[in-house]
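This report describes selected features of one protein chain. The sequence and model are shown first, and the description follows.

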Amino acid sequence: MLNLPPLLDLHPMNWLRNDPFSQSSTSFDEDIMIKKLHLAHEPDGRRLDSELLLRVTEHILLYAAGATSEAPATPVVSDLHFDAIGKYNEDNAEAFGSQEPLGQVIYKISSQILCKCSGEDDLHTRTMFLFDFLGKYKWDVKMVLVLTAFATSYGKFWLLMQLDPRDPLAVSVGMLKQLPKDFSKLKPRFKALSLLIKTMVDVTKCIIKFEGLPLSHVDLDKEISITKACIPEAAYWVARSVFTCSSQITDFIAIQPEQYRWYSDSTIIATWELSSLVFRLNRICSRLSQQVDQCHKQTETKIWQKLSNLFQQTSLDNREGLSMLCALTDDLPLKYCPSQEKFGVSEMKNKVVMLLITKPELLPMEELLLLVQQTSDHPLNKNYKGSYEIIWFPITCSEAWTDAEVGSFNFFSNSLPWYTIRQPWLLSSAVVNYIKKTWKYAGEPLMVVLDSKGIVTNLNAIDMIMIWGARAYPFSASREEELWKEEQWTLQLVIDHIDPQLAYWVEEGKNLCIYGSDSQEWIQEFNSKMRGIKSEGFQLEMVYVGKRNMDENVRNTLASIAEENLNGSLSFTKVQFFWLRLERLRKSKLRLGKTANTDHILEEVSALLDFSDKGWAVMGKGSSTDTVKLQGKDHPMQCSTLFSQGGENVTKMGFLDAIESAFEPSPLPVYCSHTSVIPYAEGLIEETAICQKCKHPMKKFVVYE
C-alpha cells in the first residue's frame, strides 16, 4: 500500500515538487530539446483550417469527458465543420501533387501515439519522434492533428462505455474486454483527465490564434520573437500530455479483474500524474495567452492605422490596400466563384474594385438577381469586361460565425458570378471594425468602390449599380451625379433594362401604359376600356406591375393576364425588379440630398411608390418627358368616352395630350389669352396648333410683315 496523501490534500506546488516529469527532465537539457524541436520544424506550406478541425475534435473530447465528470458545455458541431477535411485534401493535392488524405495522416499519428516500439518507452523520446513526423506542418496544425488523432481513440473508448448498458453489441464487446461496471473509484481520475484535456485544447487555441495573426502586414519583431519562443515548449507538453492520457486509457482497458483490489492506489497515482500536467500546462497557457493577446492587440492597432492611411493616399496600384483588407496569412485569399479557383490580390491590379459588403446571408433573392442582371448580364458589360471586378466581403454582425452563416456563405460562394473572400471568418477584427466605423457598415448592404490606385471613390455604389448597371462605370460618386444630370423623368428611366420586351418598346417609341392594383374589379374594367381604345386604332402597349408590397394576389393576377394574353406580361421576378428599381431611384436621390419639393424626378418616383393599391396608371412614350399619371376608379370610363367620340381631338392633340386633357381638365377658360407666334412654313396653315397651357386647339391668324 502506497503511503500517498489524499488527492484533495495535494497542493499544486507539492505536485510540481514531486512531479516525476520534473525529476526526469534533468535527464535532458531543455534548451537542447527546444533546439531539436526547431530543427524538426520545417513547414512546407501544407494548408489546413485548424480552427474548423479543432471544433470537431473539441466536440469529441469534451463530450466524452462529460460522460463521467462535470465538463463544460460541448461545442456545437455540424457537417459544415467537416469541410476542413475536404479542403485539406483538395488544397494539398493541388499544391503537392500526390498528397495522402487527412484521414491517413491522422491514422499514422494515432498509431504512433498508441504503439510502443522497442526502445521507445520513454515519453520524451516518443514525443520527439512524433515531432519529427510532423515536421512539415505549422505549429497550430501539428497540435490539432495530435489532438484529433487522440480524439479518435478516446472517443471510441467512451462510445463503447456509454453504449455498454443499452447496446447488445457494446455489451458483448465490453464483456470480452472485461470492462469494469463500477466507475465510482475512477471519478477523481477521470475528472483530472477531463481537466487536462480541456487545458490541452486551451493551449492549442492560443497557438491557432497566434498562427492566424496577419503578422506579415505589420512590424512586431520583439513581441513576435517572444511569443514564438514560447510555442515549441507549449506544443511539446501538449503532445506529451496526449501520450500520457492515451497510456492511462490503455492501462484502464487492459486491467485484469484480480487487480481491482489495489486499483484504488493506482488511481491516486494516475490522478496525481494527470494533475501535475494540468498545473504545468496551465502555467504555460497563461503565459502564452498573455503574449498572444499582446500580439493580437498590437496587430489590430497597426492594421487600423495602415488602413486609415492607405485609402487616403495615392498608391501605385490597389494591391496594398486590398492586401490589408484581406489581412490573412493565406497568399491566395480570394476565390472566383464560377470556377472555384483561388487568386491573390494581384488579380485586381489596374482594375476598379467594388467591395460588396453584406451579411453572410447576402441579399434578398430578388435584390441579388437584379444586382447580377445589372452587372454580369447588362448589355454594356462586354464594353467594360476586365475593367472592374466585384469582391464579396461577408461580415457577421455577431461575435463569431454561426453554422447557419457558414452554410449561407458556402451556398452563395458556389453560385455567384464574382469573386469572394475564401475564408471570411478569418478576417482581422481590425478590418471588420474599420469597415463598420469608417465605412458606416451596420448590416445594410454596401458597395465600396476602389479605383485602380486604391482610393475610395464611392462609399456606396449599390444604388447606381441597380439603376444604371455597367453604364455607371467607374462607379464613383462624381459619376453618379453626372448620370443624374443626364436623366429626365421618362418611362425609360422607370423601366430601363428590366425586361427585353420593354426595352424594345422604349427604343421603338411606342405608347406605353404601366398600371397596378390589387383589385381584380378595377383591373378587369381598366383592361376592358383600354381594349376599346386600341380597337379604335390607337397603338398602346400595356404592362401590369402589381403593387409595391407583392403578395400571392399579384402572382395570381400576373398568371391570369399571361393566360388571357391581355397585354405585355412580366414575370413575378421582373415585377419585383420594377419596384426595386423605383426604390433605388429614390434612395439615390435622397442620399444626394435631394427633396421631392425641389427635384422633379424624386417627386414623380415618390408618387409612384406611394400610389394607392386600388388602381393607378402611368402613360408615356419611351424616352419622351411627356407622361400622364392616372389614379382612381372613374378614369377608365372617362378614357373610353374620350376615344369613342371619333378620335378627332385625339388626332389633333396627340395621344398623351388627349389623355391628359380628359383626365386633368384645365382650370382655364376654353379660350385662354395665351398667344404664340410661329414662323411661316409651307402647309402650316392647314395644321392644328394646340395651346401648351390649356391644351385646346388655337385660333389661327395670319400676320403680314
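## Ser241 in helix H11

Ser241 lies in helix H11, which spans residues 221–254. In this predicted model, the relative accessible area of Ser241 is 0%, and the residue is therefore classed as buried, the cut-off being under 20%. The side chain of Ser241 makes a polar contact with the backbone oxygen of Trp237, at 2.6 Å. Leaving aside residues up to four places away in sequence, Ser241 is in contact with Leu196, Met200, Leu277 and Leu281.

Trp237 also takes part in an arrangement of another kind: the charged end of Arg280 sits over the ring of Trp237, 4.0 Å from the ring centre. Elsewhere, the charged end of Lys142 sits over the ring of Trp139, with 5.2 Å to the ring centre.

## Aromatic pairs

A pair of aromatic rings is described by the distance of the centres and the angle of the planes. Searching the whole structure gives 23 aromatic pairs. One of them is formed by Phe409 and Trp425, with 5.7 Å between the centres and 85 degrees between the planes. This pair counts as edge-to-face because its angle is over 60 degrees.

The two partners belong to distant parts of the chain, 16 residues apart. Phe409 is in helix H15 (residues 403–413), whereas Trp425 is in the loop between strand E5 (419–421) and helix H16 (429–438). Are these two residues buried or exposed? Phe409 has a relative accessibility of 1% and so counts as buried; Trp425, with a relative accessible area of 16%, is also under the 20% limit and is therefore buried. Both residues belong to a cluster linked by ring pairs, which comprises Trp392, Trp401, Phe409, Phe411, Phe412 and Trp425.

Lys385 is placed in the loop between helix H14 (365–375) and strand E4 (388–394). Its relative accessibility is 73%, which is over 50%, so Lys385 counts as exposed. The C-alpha atoms of Lys385 and Ala470 are 9.5 Å apart in space, while the two residues are 85 positions apart in sequence.

Asn458 is found in strand E7 (residues 456–458). With a relative accessible area of 5%, Asn458 is buried. A polar atom of the Asn458 side chain lies 3.1 Å from the backbone oxygen of Phe475. Phe475 is also among the residues that Asn458 touches, residues up to four places away in sequence not being counted; the others are Met447, Val448, Val449, Met464, Ser476, Ala477 and Glu480. Between Asn458 and Met354, which are 104 residues apart along the chain, the C-alpha separation is 9.2 Å.

Rolling a probe the size of a water molecule over the atoms shows where empty space is left. How many cavities of 30 Å³ or more are there? The count comes to two. The second largest cavity holds about 30 Å³ of space. Its lining consists of Leu310, Phe311, Ser315, Asp317, Glu320, Gly321, Lys453 and Gly454.

## The chain as a whole

The secondary structure comprises 27 helices and eleven strands. Of the 705 residues in the chain, 49% are buried. Among contacts with a separation of 6 or more, 74% are between residues 24 or more positions apart.

Notes:
Residues numbered from 1 in each chain as written. Predicted model: local features only at pLDDT ≥ 70, side-chain atom pairs only at ≥ 80, totals over all residues. Heavy atoms only, no water. Phe/Tyr/Trp six-rings, centres within 6.5 Å; stacked < 30°, edge-to-face > 60°. Helix = DSSP H or I, 4+ residues; strand = E, 2+ residues; numbered from the N terminus. Buried < 20%, exposed > 50% of the residue type's maximum accessible area, 1.4 Å probe, protein only. Lys NZ or Arg CZ within 6 Å of the ring centre and 35° of its normal. Polar contact = N/O pair within 3.5 Å; in protein donor to acceptor, adjacent residues only side chain to side chain. Contact = heavy atoms within 4.5 Å. 1 Å grid on protein atoms, 1.4 Å probe; cavity = no way out; pocket = protein on both sides within 12 Å on 5 of 7 lines; lining within 4 Å. Points joined across faces, edges and corners; volume = space filled by probe spheres on them.
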